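Hello,

Here is the structure we spoke about. Please open it alongside this note; my findings follow below.

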Amino acid sequence: MGRRALSKIDPTLNVTPFLRKLDQLPTPFDPAEFFGRAAPLELEMGSGKGWFLTQSALRHPDRNFVGVEYAKKYAYFCASRLAKFGLTNALMIDGDGLRLFHEFYPARIADRVHVYFPDPWWKKRHRKRRVLNESFLQDAFRVLKPAGRLVFWTDVQEYFDTSLELIAATTQFSLPIPVEEPGPEEFRTHFERRKRMIGETIYRAEFEKPKSLGDEAT
């Protein structure tokens, strides 16, 4: 299912405070420095049109949110949504999310890492391009605080099953934690809304980083 055309962006919006290019970020990235406060931090990998980032920031003003999107026009669109609502507790990053997690995020900064409906790369020879690979999963584990959670949703059962196997084999995350089915009008992304409207199954799982890991653990 391809992406639909983006709606027009209000040209009067100033998206500059809500958008950063990847290479503009300091290394390591310090969320307290950017947001001007210390608060629970949630990271999204692949923000698309920004539904999750926008709605989460609106509902949880006590938390900070950072999303990343490789497609420039989608990153800009997402930043425009943050600007529209004046969401100073959210930031959109334009660039490669794999690099962001591997090179810029320090260890134990996040309370949640969210991955919703990543590209399944259907052909076997292309599956090495999937976001949920061993390197990213290890980076997600590293950036999470003890008791932090990785949240993963997909509409592709094969991707879901193989990802669960990979997580178990390559990380110290807990076994999958049951996720309650959202209400009929509850959606985290535009893509989820489209899939559920036509009755397709969504596969959901969360994984927790053990509380017992000390500072020496990644």
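The structure holds 11 salt bridges. Keep in mind that this is a predicted model.

R63 and E42 meet through their side chains at 2.8 Å, N to O. R63 sits in the loop between helix 2 and strand 3, and E42 sits in strand 2, so the pair ties together parts 21 residues apart in sequence. R63 is partly exposed at 27% relative accessible area. E42 is buried at 8%.

D94 bridges to K72, with the closest N and O atoms 3.6 Å apart. D94 is in strand 4 and K72 in helix 3, 22 residues apart. D94 is buried at 7% relative accessible area, whereas K72 is exposed at 54%.

E208 pairs with R149 at 3.4 Å between the closest N and O atoms. This pair links strand 7 to strand 6, across 59 residues. E208 counts as buried at 17%; R149 is partly exposed at 21%. Shared partners join R149, E206, E208 and K211 into one network.

Strand 6 (residues 144-154) runs antiparallel to strand 7 over 6 bridges. L150 stands opposite F207. Strand 7 is largely enclosed by the rest of the structure, because 5 of its 6 residues are buried.

On the surface, K123, R125, K128 and R129 form a patch of positive charge. K128 lies in the loop between strand 5 and helix 5 and is exposed at 70%.

Overall, the protein has 7 helices and 7 strands. Buried residues make up 46% of its 218 residues.

Best wishes

Technical notes
Residues are numbered from 1 along each chain as its sequence is written. This is a predicted model: local features need pLDDT of at least 70, side-chain atom pairs count only at pLDDT 80 or more; totals for chains, interfaces and linings use all residues. Side-chain values use heavy atoms; hydrogens and water are left out. Buried means under 20% relative accessible area, exposed over 50%, partly exposed in between (1.4 Å probe, protein chains only). Helices (H or I, at least four residues) and strands (E, at least two) are DSSP runs, numbered from the N terminus. Two strands pair if DSSP finds at least two bridges between them. Patches are made of residues with over 30% relative accessible area and no salt bridge: like charges are joined within 9 Å, nonpolar side chains (Val, Leu, Ile, Met, Phe, Trp, Tyr) within 5 Å. Accessible areas come from the Shrake-Rupley method with a 1.4 Å probe; for residues, only the protein chains shown count as cover. A salt bridge is a side-chain nitrogen of Lys or Arg within 4 Å of a carboxyl oxygen of Asp or Glu. Lys and Arg count as positive and Asp and Glu as negative; His and the chain ends are not counted. The place of a charge is taken as NZ of Lys, CZ of Arg, CG of Asp or CD of Glu.
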